[in-house]
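Me: I have a new structure to go through. Can we walk through it together?
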Amino acid sequence: MKINFTKKEYPLLLEMITMANWMLHSRCIDEDSRQKEHDTLRNKILSHYKEFAAEDLVEAGEEPDEYYESNKLMDHVHRNFISSYDEETFWDELTDRLAMRDVVRTLGEDQYVALDGIDRITKVEDAKKPYSNEFERHGLENVIIKLSTEK
């Protein structure tokens, strides 16, 4: 099988690969075999950059057959995709986790776990509303963390 890309599609493919690579490696501590497979495929796709006149988006590494996203591509992807994703994910995760914590505290863990899926979702969604409203209005301004002195 052969897949053909146009010169217009190749930069879009590079954006997608850069986002996937960032997701795969941004929080990883230990590499596993799947990452090596992804890296090999990424490198293979990047290696065709000259055929698509994408010299401004990909750079050759010091080793033979080693390729990297250029700073221009990385900056573009972070500015246009990753930053906004991180911003939205932060608020969603914070709201979700605080709401779930509150529901579990109110019901108790056993009763929370015993709820059917729809009831659990409904309770957490209801508990999210005050946090969502607060964060939309004030961001983190009113968030206070009570530090524990216990070891």
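Me: Which residues of the largest nonpolar core touch the most other members?
Reply: Tyr 10, Leu 14, Tyr 49, Ala 54, Leu 57 and Val 58, out of 13 residues in that core. A nonpolar core here is a set of buried Ala, Val, Leu, Ile, Met, Phe, Trp, Tyr and Cys residues joined through side-chain atoms within 4.5 Å, and buried means under 20% relative accessible area, with a 1.4 Å probe and protein chains only.
Me: Which helices each supply at least two residues of this core?
Reply: α1 (9-25) and α3 (71-107) do; helices are DSSP runs of H or I, at least four residues, and strands are runs of E, at least two, numbered from the N terminus.
Me: What should I know about the source?
Reply: This is a predicted model, where local features need pLDDT of at least 70, side-chain atom pairs count only at pLDDT 80 or more, and totals for chains, interfaces and linings use all residues. Residues are numbered from 1 along each chain as its sequence is written, and side-chain values use heavy atoms, with hydrogens and water left out.
Me: Switching to Glu 69: buried or exposed?
Reply: Glu 69 counts as buried because its relative accessibility is 10%. Glu 69 sits in strand β2 (residues 67-69).
Me: Which residues does Glu 69 touch?
Reply: Leaving out residues up to four places away in sequence, Glu 69 touches Ile 17, Thr 18, Asn 21, Arg 42, Leu 46, Leu 57 and Met 74, where contact means heavy atoms within 4.5 Å.

Methods:
Buried < 20%, exposed > 50% of the residue type's maximum accessible area, 1.4 Å probe, protein only.
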